[in-house]
Amino acid sequence: MSVGHTGITAPAVASAPSAPSASVDPVVSCDDDCGIRDVLDRIGDKWSVLVVVQLASGTHRFKELQRAVAGISQRMLTLTVRRLERDGLITRTVYPTVPPQVEYELTELGHSLTRLVKALADWSLVHRPDIEAARAEWDAKADMPS
């Protein structure tokens, strides 16, 4: 198994001979990442998550997003919103003003992602002390001479 392997090992599910292959559960039948990695790369990167979290509260202009997402450069924010728009997670509205006013907001698909991000954030808040304790224990063992 390779270091980057993300497949799920599960017994094969027998299907009736007349069943179409499209109805087979993709998590069980995939030998590769089945396209999951492509989606996870987008929604799992640092900047995308932070932009989605900001847009969960409503529509924002570009500079508002840049101020709200600490540490993001203008170029990285531009790339991030373009990718999120391409993936159907946000919409970009340009108003014909001078200079042009651009607003971003989550789509219905983007809003569905915020529930998952919130669940992950809630989980991390609950388990942060356990993770910190595990890290301290591991670090203490790693510092011990062999």
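**Notes on the pocket and the sheet**

1. Let me start with the pocket: α5 gives the largest share of the lining of the largest pocket, with four residues. Please keep in mind that this is a predicted model.

2. For anyone setting up a closer look, the lining residues are Arg61, Phe62, Lys63, Thr78, Val81, Arg82, Glu85, Arg92, Pro100, Gln101, Val102 and Tyr104. Sorted by class, five of the lining residues are nonpolar, two are polar and five are charged.

3. Now to the sheet. It is open and has three strands, in the order β1-β3-β2, with antiparallel pairing. The strands at the edges, each pairing on one side only, are β1 (60–61) and β2 (90–95).

4. How many bridges join β2 and β3? There are six, and the two strands run in the antiparallel sense, with β3 covering residues 101–106. A handy pair to find on screen is Ile90, which stands opposite Leu106 in β3.

5. Finally, have a look at helix α3, residues 46–55, which packs on the sheet and touches β1, β2 and β3. The direction of α3 makes about 95° with that of β3.

Note on methods. Residues numbered from 1 in each chain as written. Predicted model: local features only at pLDDT ≥ 70, side-chain atom pairs only at ≥ 80, totals over all residues. Heavy atoms only, no water. Pairing = 2+ DSSP bridges. Contact = heavy atoms within 4.5 Å. Axes fitted to C-alpha atoms, helices over the stretch in contact; angles between N-to-C directions. 1 Å grid on protein atoms, 1.4 Å probe; cavity = no way out; pocket = protein on both sides within 12 Å on 5 of 7 lines; lining within 4 Å. Nonpolar A, V, L, I, M, F, W, Y, C, P; charged D, E, K, R; others polar.
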